Amino acid sequence: MRRLAPLAPLLLAACATPLPQHLGEKPPKEPIGEWLSSHYTYPTGQYDPAWWLAARPQDEAIPVRMPAGIHQMEKNSAFLDPRRMIPLGPRPMQSTNDFYTGRINDIVVSPAPLNPADPNSHRVYIASDGGGVWRSDNCCSSATEFMPVTDDPAFPSIAIGDLEMDPNDPDVVYAGTGDLRFGSWSFGSVGILKSSDGGQNWRLLGEEVFVPRLPTPVGSYSQYQAIGKIAVDPNDSNKVVVGTKTGLYLSYDAGENWTGPCYTNPYTPDSGNPHRQDITGLLALDLGATTRLVAAVGTRGNATPVQPDLDFNGANGVYAAPMPAQGCPAGWQLLSRPDNGWPVGTGAGNAFGPLGRLEIAVAPTDPNRLYAKAIDPQSFAILGLWRSADGGQSWQARATPASFSGCEPGTQNWYNAGITVAPDNPESVFLSAWWVYRSTDGAASFQALACSNNGENASMHIDQHARAFVGGDPRRLLVGNDGGVYYSSNATDPVPSFQNLNQSLSAHEFYYGDISANFANSDPRTIVGGAQDNGTSLLFQNFGARADTWLQVWGGDGIVPRIEPILGQRHYYSTQRGRIVLSTNGPSAPEVEASGPWNPGQTGPERKSFLMPFDLYKFGDLNTPNSGCTATDGCTHLIAGTYRVWESTNGATGSTQAARWTAISPDLSKNNLVVGTDNRSVIQAIRFSIPDRRVAMVGTLDGNVWYGFGLGTGAASWRDVSGGNQVLPNRSILGVATDPVDPLVGYAAVAGFGANTPATPGHVYQVRCTADCASFTWRDVSGNLPDVPANAVMVNPHIRQQVFVGTDWGLYYTDNVEAAEPIWHRF
């Protein structure tokens, strides 16, 4: 079985706040998951995990082979082995004053060092959102190195939301797949990964149990299941408890079999008053001879267009029950009651309840000392902290937003949240929000330990998720955030210092990328990519190919980058919704605005994608007039897509927006993909043809493909070749490409699933046009490809019948796309 990600590699629950100004302005952003959900559910708005399950045997039947062609390594390119992929990083990404990797959701640490004589030989596991579990055996110091331990093609997903180490055996580790951080279309669950030998080998458990989606009301978008928390009974390692979006699941044989869903409250799906059952906190408390379960139901509380039931948070609260010997726990007790200090309406089964996400923690030195952190369900600010000294029978209200000093905790706590109690002191509490905070008075007040106003700690990445102590030492603290893993050896100091441990980590989530001209044979060479919440970065590398440090050159969400190939001096970078900037000095920070009048930003009259695409024509003959490229100016012809096409013939170097860009097409969308108040009928794929810059292809999120002719002449014309979607599926078009010789032969990469358009189920389609596409014919060339979303398509410029397609499940190719039924292989 191949690695099967439950969403495209570019998918994520992206939530972030402004980065330091030296990284570039970062405007507030909508949850990217809401936007990307359209790619997967249009036109019906539906998704069913059974579609993935049906596609797995299709994928398993596809052999791994080398593409046809000459594979000998060329002179000066011996570093590129055509038989395998070579990792190039970022390992890590370097900003002005820090080193970043991708989002880290959780951290667990072995209780004792592997070498008793070396305090920096602790085994540490980290959960990356898109890159699986990573392990270090020499934590924690500047020499700490991590390695991936779950890169196994047998696992359908390695998006990890939570980790748990067996308290009785540190060699046993559980990793829950999926991401319960309430992104509208986040990574989904495919089960639990378990290692019994310290992370050397892993098995997938509960694959059929944790995949099912949430129940979907008629007319609503489907949602993925996700594992939010895992707990192991300290008195019996065979008892494992898992918290999901749909309640609790219990295993009594160490994960082999499961009971559930189990509910902590009466507001179950079949109760007549159903409310969501998102488990955001879970503890298995050792009371000596018995174990007590404490669970927090913490539904976000504010609906989104594709999660319209998030307001059904009436079950939110903290609950407790004895750990049972079998079956579902009985005798659940609501601990967070209004009569013991909680807001009126808590756990009352009323929609628009007073609590949003909930996080809970226990003091390691006292199983009766509990803390709870509650988020406001509307503003997403911290509503308050509560403390109990008697196992939750009574509570004291503690900190409020006014109790935080140093840097504000922010209004994004549905996404970045969590609390941990110090191993030696029940009054010492560490908290995650925008930044890291510590309380020394039992959560009555908090001081920021690392934030943008905090001098030496300003380099720590924003958006915190995880906390863990090393060796039971309260001074030795690990934190995980959207930028990676950070370590402090003096966490109890008034102003502790933190160092990143990201040097060996490679876990970014990229949207798009580009490479410099003649990449295989050039020395040096450049790669540039746009990443979620980590801006645009590039690798400028000499000599052999290797995983290396990339330099961040622009902040925000990095989206589309392009490198001008002739002179190599103009590098285009973009952020969300089409803000394009330009470096005229090669691979360096941008100094020129290159956007057009489509009004980049969250709002504005120009309808456009969050991941607004643009393209630079690169194939002009320097000896041919009007080819689009000259030896003096390089290649200067660009096109960009909102709901219409914009064009620049001066390299987007004009002094004003109007001088840089001109709209050259009508609305190319169906204008019918509306989610809530958001119109998502926009262009998502735009490409010049290879042989002629006057010809381009465009694909839209609402299933249209258009050809453009006469580009660069001031008289462009456009032909809709969608054909009423009689052959081309009426699903989102994420990639387009033309034949390298004949621009009237084109290809489309189609997202979504065949079940949403059963008469047209494929994912790669070929179109053949007559002159100016006066007539055209589509053909499904998907052949034996699995029914999974396709994101990109490309034709080998040297072998026209050899086509490559990038999908959610990897890279495939066919050596003969002209066959009646093309045979695809995995590359």
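Cys-407 is buried, its relative accessible area being 7%, where buried means under 20% relative accessible area, exposed over 50%, and partly exposed in between (1.4 Å probe, protein chains only). This is a predicted model, in which local features need pLDDT of at least 70, side-chain atom pairs count only at pLDDT 80 or more, and totals for chains, interfaces and linings use all residues. Residues are numbered from 1 along each chain as its sequence is written, and side-chain values use heavy atoms, with hydrogens and water left out.

Cys-407 forms a disulfide with Cys-451, and their sulfur atoms are 2.3 Å apart; a disulfide is a pair of cysteine sulfur atoms within 2.5 Å. Cys-407 lies in the loop between strand 23 (404-405) and strand 24 (418-421), and Cys-451 in the loop between strand 27 (446-450) and strand 28 (464-470), so the bond ties together parts that are 44 residues apart in sequence. Helices (H or I, at least four residues) and strands (E, at least two) are DSSP runs, numbered from the N terminus. Cys-451 is buried too, at 2%. The torsion about this S-S bond is about 70°, so the disulfide is right-handed.

The whole structure holds 5 disulfides, and with bonded cysteines counted along the chain they follow the pattern 1-2, 3-4, 5-6, 7-8, 9-10. One of them joins Cys-262 and Cys-328, with sulfur atoms 2.0 Å apart. Its torsion of about -75° makes this disulfide left-handed. The pair links distant parts of the chain, 66 residues apart: Cys-262 is in strand 14 (residues 259-262), and Cys-328 is in the loop between strand 17 (317-322) and strand 18 (333-334). Cys-262 is buried at 1% relative accessibility, whereas Cys-328 is partly exposed at 35%. Another disulfide connects Cys-769 to Cys-773 (S to S 2.1 Å); both of these cysteines are buried, and the bond is right-handed because its torsion is about 90°.

Turning to the strands, an open sheet of 4 strands has the order 40-43-44-45 with antiparallel pairing, where two strands pair if DSSP finds at least two bridges between them. Strand 40 (614-616) and strand 45 (662-663) stand at the edges, each with a single partner strand, so one side of each has no neighbour in the sheet. Strand 43 (residues 638-641) and strand 44 (residues 645-648) run antiparallel and are joined by 4 bridges. Ile-639 stands opposite Glu-647 of strand 44.
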